[in-house]
Structure formats: structure tokens, C-alpha cells
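Welcome! Let's take a friendly walk through a protein model, with the picture open beside you.

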Amino acid sequence: TIQFQEQLQSDRERFGEQLEAWEAEAKTLTAFNANSNVEETSAHVTELKEQLEAAKQQGALYNSRAVLFGWEQIEYPQLAELEKALEPHANLWRIAAAFSR
């Protein structure tokens, strides 16, 4: 079990680092403008949105494993914040991509 605990701890740390990377990436979305490639930007935003959805499931998995070891569960409020911040960008670029077709 020590090996599994160490692996879980490592996974949770990497997950936190990945959340920080997604936060930084979400902040760059404001740099996209009318001169950006619409299809490419729309695909990028959609991919980021899908990654966040998968991250919610991954966070829940890590928490369920933490419970097995009697560890405290970690809340990931930044996931909800990122989804909320990403939603207008996702809508904008989805509509722009549909319009450009």
C-alpha cells in the first residue's frame, strides 16, 4: 500500500500543476482576436473545455482513492472557476467557427 500511496500523492501533485497550466492557458484566450484563425482557435478552446471535463472526473477519482487511505479529500474550486471563465470564449469561438463555414 505504501507504493500506491506514493503514487497517489505524486498524481495529486501533478494534477495540481496541470490545473495551474490550464489556468495560465485560459488567461491567454483573451489574446485571441478577429485576426486569429477561427477554426484553429475554436478547436483549441473546445479541446481545453474537454480537458477540464476530464479533469473533473480525474479529481473525483483521486479523491475516492484518498478516502481509501483515510486521507483528506482535496477540493478543486479552480476547475469550476476555469469552466465558468472558459464558457464565453467557447461560445464565441464556436459561433464564429459556424459562421465562417
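Below is a short briefing on the nonpolar core and the aromatic rings. Keep in mind that this is a predicted model.

**The nonpolar core**

- The largest nonpolar core has 18 residues.
- Phe15, Leu19, Trp22, Val45, Leu52, Leu79 and Leu86 are the members that touch the most others in this core.
- At least two residues of the core come from each of helix 1 (2-28), helix 2 (38-68) and helix 3 (77-100).
- The top contributor is helix 2, which gives six residues to this core.

**A look at Val45**

- If you set aside neighbours within four places in sequence, Val45 is in contact with Leu29, Leu86, His89, Ala90 and Trp93.

**Aromatic rings**

- You can find three aromatic pairs in the structure.
- One of them joins Phe15 and Tyr76 edge-to-face, at 4.9 Å centre to centre and with 80° between the planes.
- Phe15 belongs to helix 1 and Tyr76 to the loop between helix 2 and helix 3, so this pair ties together parts that lie 61 residues apart in sequence.
- Phe15 is buried because its relative accessibility is 6%, under the 20% cut-off.
- Tyr76 has a relative accessible area of 14%, so Tyr76 is buried too.
- Phe69 and Trp71 make a tilted pair, because their planes meet at 40° and their ring centres are 5.4 Å apart.
- Phe69 is partly exposed, at 25% relative accessibility, and Trp71 is also partly exposed, with a relative accessible area of 25%.
- Phe15, Tyr62 and Tyr76 together form one aromatic cluster.

Note on methods
Residues are numbered from 1 along each chain as its sequence is written. This is a predicted model: local features need pLDDT of at least 70, side-chain atom pairs count only at pLDDT 80 or more; totals for chains, interfaces and linings use all residues. Side-chain values use heavy atoms; hydrogens and water are left out. A nonpolar core is a set of buried Ala, Val, Leu, Ile, Met, Phe, Trp, Tyr and Cys residues joined through side-chain atoms within 4.5 Å. Buried means under 20% relative accessible area, exposed over 50%, partly exposed in between (1.4 Å probe, protein chains only). Helices (H or I, at least four residues) and strands (E, at least two) are DSSP runs, numbered from the N terminus. Contact means heavy atoms within 4.5 Å. Rings of Phe, Tyr and Trp (its six-membered ring) pair if their centres lie within 6.5 Å; planes under 30 degrees apart count as stacked, over 60 as edge-to-face and the rest as tilted.
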